[in-house]
Amino acid sequence: MSDVAGDAVGVLDRMTCILEAFDGDDRGMGISELALRSGLPKSTVSRLVATLIRQRYLERDGKLIHLGLRLFELGQLAEQPRELRIAALPVMADLRNQTGGNVHLGIRDGGEVVCIAVMRGRAPEPSTVRTGARLPLHATALGKAVLAHASPSDIDDVLAAGLPWWTEDTITDPAALRRQLTAIRRGGLAAEAGEFATGVCCTATPVLAPGGALAGAVSVSGDADDLKAEQVAQALRTAAATLTRRLASLRPGSA
């Protein structure tokens with residue numbers, strides 16, 4: 001790699017550190033906090049932030065820096081999430097109306113599941129998961145639903161990487177998780193009871209593309225006392241089947 005190419009990669013790495021310093025509340029940060037979070041010198045952050053603002057990847061509001069509109073625009077171009085979101089939004093709305101729970105749509109990205117859409121239910125408490133959140137595969141219903149459809153070697157790799165503790169109910173025993181994944185493949189539903197967030201239960205089902213490959217997973221979460229398990233299970237199965245049909249209709253040449 002030439003020195004010029006190496007310098008370019010270095011700049012990209014530093015810009016990535018700055019962008020990933022932002023969290024879900026998007027309250028904005030000053031240069032000093034951005035430098036602290038990114039681990040970069042303040043002078044470097046100041047210079048790169050100016051470039052990112054010019055390119056609309058960041059926006060300035062007084063002394064505070066926010067994520068910019070250009071990032072949102074690029075995110076909409078990501079084909080797999082975009083296609084799945086288009087197909088899923090009306091189905092998610094039906095799920096929310098039928099169950100009253102918070103509805104989430106997720107796709108796998110490496111060792112995590114990324115939530116690409118959220119619809120808040122009727123419960124007074126907001127969903128504990130936001131759009132764009134990265135969730136553990138082993139401690140969430142969404143994660144277990146997609147992991148259950150991974151290859152045996154892929155599952156082995158996930159288990160070998162460790163199963164971190166999130167709450168006192170998190171499953172951290174590989175053998176116990178394997179048993180759950182087997183049950184999920186047989187029954188089509190993944191369950192979570194306070195394993196990621198105390199007091200929150202969640203049920204999820206995988207969503208298959210028309211050819212049978214895994215497209216993602218959809219879930220319903222809320223307080224265990226407020227959700228009717230049988231109703232949620234049936235609604236999720238119907239939603240998954242509907243989503244597969246809708247994905248087929250979005251593809252040219254589909255029947």
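The dialogue below takes several features of this predicted model in turn.

Q: How many helices and strands does the protein chain have?
A: The protein chain has 9 helices and 8 strands. Of its 255 residues, 42% count as buried. The chain exposes about 13500 Å², and carbon and sulfur atoms supply 54% of that area. For contacts between residues at least 6 apart in sequence, 52% join residues at least 24 apart.

Q: Which residues of α7 are buried?
A: Start with the general idea. An α-helix has 3.6 residues a turn, so residues three or four places apart point the same way. In this structure the buried residues of α7 are Ile155, Val158 and Leu159. They cover an arc of only 95 degrees around the axis, so they sit on the same side of α7.

Q: What covers the buried residues of α7, and which exposed residues are on the face turned away from the buried side?
A: The cover includes β3 (102–109), α6 (141–147) and α8. The face turned away from the buried side carries the exposed residues Asp157 and Ala160. After α7 comes Gly162, with a positive phi near 105 degrees.

Q: How should I read a positive phi?
A: Most residues other than glycine have a negative phi, and most peptide bonds are trans.

Q: Which residue has a positive phi although it is not a glycine?
A: Arg56, with a phi of about 70 degrees. Arg56 is found in the loop between α3 (42–54) and β1. Its relative accessible area is 39%, so Arg56 counts as partly exposed.

Q: How do β1 and β2 run, parallel or antiparallel?
A: Strands β1 (residues 58–61) and β2 (residues 64–67) run antiparallel and are joined by 4 bridges. Glu59 stands opposite His66 in β2. The hairpin has 2 residues between the strands, and in this hairpin Gly62 takes a positive phi near 65 degrees.

Q: What describes a pair of aromatic rings?
A: Two values do: the distance of the centres and the angle of the planes. A search of the whole structure finds 1 aromatic pair. The rings of Trp166 and Phe196 have centres 4.9 Å apart and planes at 50 degrees, so the pair is tilted.

Q: Where do Trp166 and Phe196 lie?
A: Trp166 lies in the loop between α7 and α8, and Phe196 in the loop between β6 (190–193) and β7 (201–208), so the pair ties together parts that are 30 residues apart in sequence.

Q: Are the two partners buried or partly exposed?
A: Trp166 is partly exposed, with a relative accessible area of 42%. Phe196 has a relative accessible area of 19% and is buried, because the cut-off for buried is under 20%.

Q: Is Thr167 buried or exposed?
A: Thr167 counts as buried, at 4% relative accessibility. Thr167 lies in the loop between α7 (152–160) and α8 (174–187).

Q: Which residues is Thr167 in contact with, leaving aside its neighbours within four places in sequence?
A: Thr167 is in contact with Gly194, Glu195, Phe196, Ala197 and Thr198. With Glu195 there is also a polar approach to read: a polar atom of the Thr167 side chain lies 3.5 Å from the backbone oxygen of Glu195. Phe196, in that contact list, is also the ring partner of Trp166.

Conventions
Residues numbered from 1 in each chain as written. Predicted model: local features only at pLDDT ≥ 70, side-chain atom pairs only at ≥ 80, totals over all residues. Heavy atoms only, no water. Pairing = 2+ DSSP bridges. Buried < 20%, exposed > 50% of the residue type's maximum accessible area, 1.4 Å probe, protein only. Polar contact = N/O pair within 3.5 Å; in protein donor to acceptor, adjacent residues only side chain to side chain. Contact = heavy atoms within 4.5 Å. Phe/Tyr/Trp six-rings, centres within 6.5 Å; stacked < 30°, edge-to-face > 60°. Arc of directions from axis to C-beta. Areas by Shrake-Rupley, 256 points an atom, 1.4 Å probe, with all protein chains shown as cover.
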